[in-house]
Amino acid sequence: MALIDKLLSFYHISYQDYEELTKLVNLDNFNDGHELNNVNDAVSLIKESMKNKEKIVIYGDYDADGIMGTSILKKSFDYLSYHVGYYIPCRYIDGYGINEHMAKEFIAKGDKVGFLRMINESRISSTPICRPL
């Protein structure tokens with residue numbers, strides 16, 4: 001059995017799915033992100049926060065995609081000339097993912113958005129993890 005066959009079998013991926021995952025990306029097949037769950041809610045929240053000139057903090061993750069995602073979001077806000085803060089947590093101190101304690105710390109430092117939502121694994125939580133104090 002070829003290595004590719006073993007890998008596809010191990011990860012339960014069909015050849016068709018493999019071809020889809022590895023095809024070249026161009027402007028005709030680029031996903032604009034609006035297929036993600038609740039992404040429109042997140043966009044509305046960000047637009048409203050920007051309109052009200054509220055402080056926004058990007059809470060990243062200390063892994064390759066978390067750092068890259070945080071960098072891309074930060075650069076996107078820079079492009080829009082909107083200053084945002086960012087935070088890359090230490091997993092040993094802060095744990096994995098944002099938690100109520102960290103959310104309260106951000107709000108105590110002046111974040112005006114009354115709640116924070118998790119963006120993780122291609123979905124956006126519809127449940128706020130921290131309500132206004």
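## Reading a predicted fold

Analyst: Let's start inside: Phe77 and Tyr82 are both buried. Buried is under 20% relative accessible area, exposed is over 50%, and partly exposed is in between (1.4 Å probe, protein chains only). Keep in mind that this is a predicted model, where local features need pLDDT of at least 70, side-chain atom pairs count only at pLDDT 80 or more, and totals for chains, interfaces and linings use all residues. Residues are numbered from 1 along each chain as its sequence is written, and side-chain values use heavy atoms, with hydrogens and water left out.

User: Okay, so which residues make up the largest nonpolar core?

Analyst: A nonpolar core is a set of buried Ala, Val, Leu, Ile, Met, Phe, Trp, Tyr and Cys residues joined through side-chain atoms within 4.5 Å. Here the largest one has 5 residues, namely Ile56, Ile58, Phe77, Tyr82 and Val84.

User: What does Ile56 touch, once residues up to four places away in sequence are left out?

Analyst: Contact means heavy atoms within 4.5 Å. With those sequence neighbours set aside, Ile56 touches Ile46, Ser49, Met50, Phe77, Tyr82, Val84 and Gly85. You'll find Thr70 in helix 4 (residues 64-79); helices (H or I, at least four residues) and strands (E, at least two) are DSSP runs, numbered from the N terminus. Beyond its neighbours within four places, Thr70 is in contact with Ile58, Gly60, Asp61, Tyr86 and Ile88.

User: How many aromatic pairs are there?

Analyst: The rule joins rings of Phe, Tyr and Trp (its six-membered ring) whose centres lie within 6.5 Å; planes under 30 degrees apart count as stacked, over 60 as edge-to-face and the rest as tilted. That gives 3 aromatic pairs. One of them is Phe10 with Tyr11, edge-to-face, at 4.9 Å centre to centre and 90 degrees between the planes. Another is Phe77 with Tyr82, which is tilted, at 6.3 Å centre to centre and 45 degrees between the planes.

User: Which residues make the nonpolar surface patch?

Analyst: Patches take residues with over 30% relative accessible area and no salt bridge, joining like charges within 9 Å and nonpolar side chains (Val, Leu, Ile, Met, Phe, Trp, Tyr) within 5 Å. The areas come from the Shrake-Rupley method with a 1.4 Å probe, and for residues only the protein chains shown count as cover. This patch, about 940 Å², is made by Leu3, Ile4, Leu7, Phe10, Tyr11, Ile13, Tyr15, Tyr18 and Leu21. Helix 1 (3-10) and helix 2 (15-22) each supply at least two of its residues, and helix 1 gives the most, with 4. Ile4 sits in helix 1, and counts as partly exposed because its relative accessibility is 33%.

User: And the salt bridges: how many does the structure hold?

Analyst: Side chains of opposite charge can pair when their charged atoms come close. The cut-off is a side-chain nitrogen of Lys or Arg within 4 Å of a carboxyl oxygen of Asp or Glu. The structure holds 3 of them. Glu20 and Lys23 meet at 3.0 Å, N to O. Lys74 and Asp78 pair with their closest N and O atoms 2.8 Å apart; both lie in helix 4, 4 residues apart, about one turn of the helix. Lys74 is buried at 18%, while Asp78 is partly exposed at 37%. Finally, Arg91 pairs with Asp63, the closest N and O atoms being 3.4 Å apart. That pair links distant parts of the chain, with Arg91 in helix 5 (residues 91-94) and Asp63 in the loop between strand 1 and helix 4, 28 residues apart.

User: Last one: where is Lys53, and what is its phi?

Analyst: Lys53 lies in the loop between helix 3 (39-51) and strand 1 (57-59). Its phi is near 55 degrees, a positive value in a residue other than glycine. Lys53 is exposed, at 71% relative accessibility. Ser81 also has a positive phi, about 60 degrees, although it is not a glycine. Ser81 belongs to the loop between helix 4 and strand 2 (85-87), and is exposed at 68% relative accessibility.
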